[in-house]
Amino acid sequence: MLVNADELITALESSDGEVEWYLDLTSGTVVPVFSDLVDEEENDPMADAIETQPDRFFPIEPIGSQEAFRIMEAFVATLPAGTPADRLSLALGQRHPFRGFKDALLAWPPIREQWFRIHNARMREHAQDWLTGNQLEFTLTDQPASSFEA
């Protein structure tokens, strides 16, 4: 069965705590449940489906910020010595390293593009490792997933 790589990566990188992500084991669809939007008066079809069909949905735990930080560190280590590497390394030591890193990348568009390519490749590897580690027999695809049906 197929699962959209970008959707799974979005779920694995989600760290805001307002969204819980699940993989629908019958369709390969990655589905969000928005905790702040669920009104007690309204029925959320996704939340209802998870409650009534728990074996159908596999929870997706986001990667930790430490793993995301290590990906940035590894990228900086691949850069040649010089101003971009120095500034990106400095950004990682700031109070808000993720924001500082993204801001610093804006000064060097080619390095920023290189970062996106490497980041996307690493996250795709992580998504595949996540599927394998959870013994889920899905294949990553770039095709859009089918929509959720309760």
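The model is a predicted one, so local features need pLDDT of at least 70 and side-chain atom pairs count only at pLDDT 80 or more, while totals for chains, interfaces and linings use all residues. Residues are numbered from 1 along each chain as its sequence is written, and side-chain values use heavy atoms, with hydrogens and water left out. Helices (H or I, at least four residues) and strands (E, at least two) are DSSP runs, numbered from the N terminus.

**Salt bridges**

- The structure has 6 salt bridges, each being a side-chain nitrogen of Lys or Arg within 4 Å of a carboxyl oxygen of Asp or Glu.
- One of them pairs Arg-56 with Asp-24, where the closest N and O atoms sit 2.8 Å apart. Arg-56 is in the loop between α2 (45-52) and β4 (57-60) and Asp-24 is in strand β2 (residues 19-24), so this pair ties together parts that are 32 residues apart in sequence.
- How accessible is Arg-56? Arg-56 counts as buried, at 14% relative accessibility, and Asp-24 is buried too, at 0%. For these labels, buried means under 20% relative accessible area, exposed means over 50%, and partly exposed is in between (1.4 Å probe, protein chains only).
- Asp-103 and Arg-99 also meet through their side chains, at 2.9 Å from N to O. They are 4 residues apart in helix α5 (residues 97-105), which puts about one helical turn between them.
- Asp-103 is partly exposed, with a relative accessible area of 38%, and Arg-99 is partly exposed at 47%.
- Salt bridges that share partners join Glu-67, Arg-70, Arg-122 and Glu-125 into one network.

**Around Asp-142**

- Asp-142 is in the segment after β5, and its relative accessible area of 54% makes it exposed.
- Arg-124 is partly exposed, with a relative accessible area of 31%.
- Leaving out residues up to four places away in sequence, Asp-142 touches Asn-4, Ala-5 and Arg-124; a contact here means heavy atoms within 4.5 Å.
- Asp-142 and Glu-7 are 135 residues apart in sequence, but 9.3 Å apart in space, C-alpha to C-alpha.

**Aromatic rings**

- There are 5 aromatic pairs in the structure. Rings of Phe, Tyr and Trp (its six-membered ring) pair if their centres lie within 6.5 Å; planes under 30 degrees apart count as stacked, over 60 as edge-to-face, and the rest as tilted.
- Phe-101 and Trp-115 make an edge-to-face pair, 5.0 Å centre to centre with 75° between the planes. Phe-101 lies in helix α5 and Trp-115 in helix α6, so the pair ties together parts that are 14 residues apart in sequence.
- Are Phe-101 and Trp-115 buried or exposed? Both are buried.
- Ring pairs also bring in Phe-75, linking it with Phe-101 and Trp-115 into a cluster.

- Gln-135 has a positive phi of about 55°, although it is not a glycine.
- Gln-135 is in the loop between α6 (109-133) and β5 (139-141), and it is exposed, with a relative accessible area of 69%.
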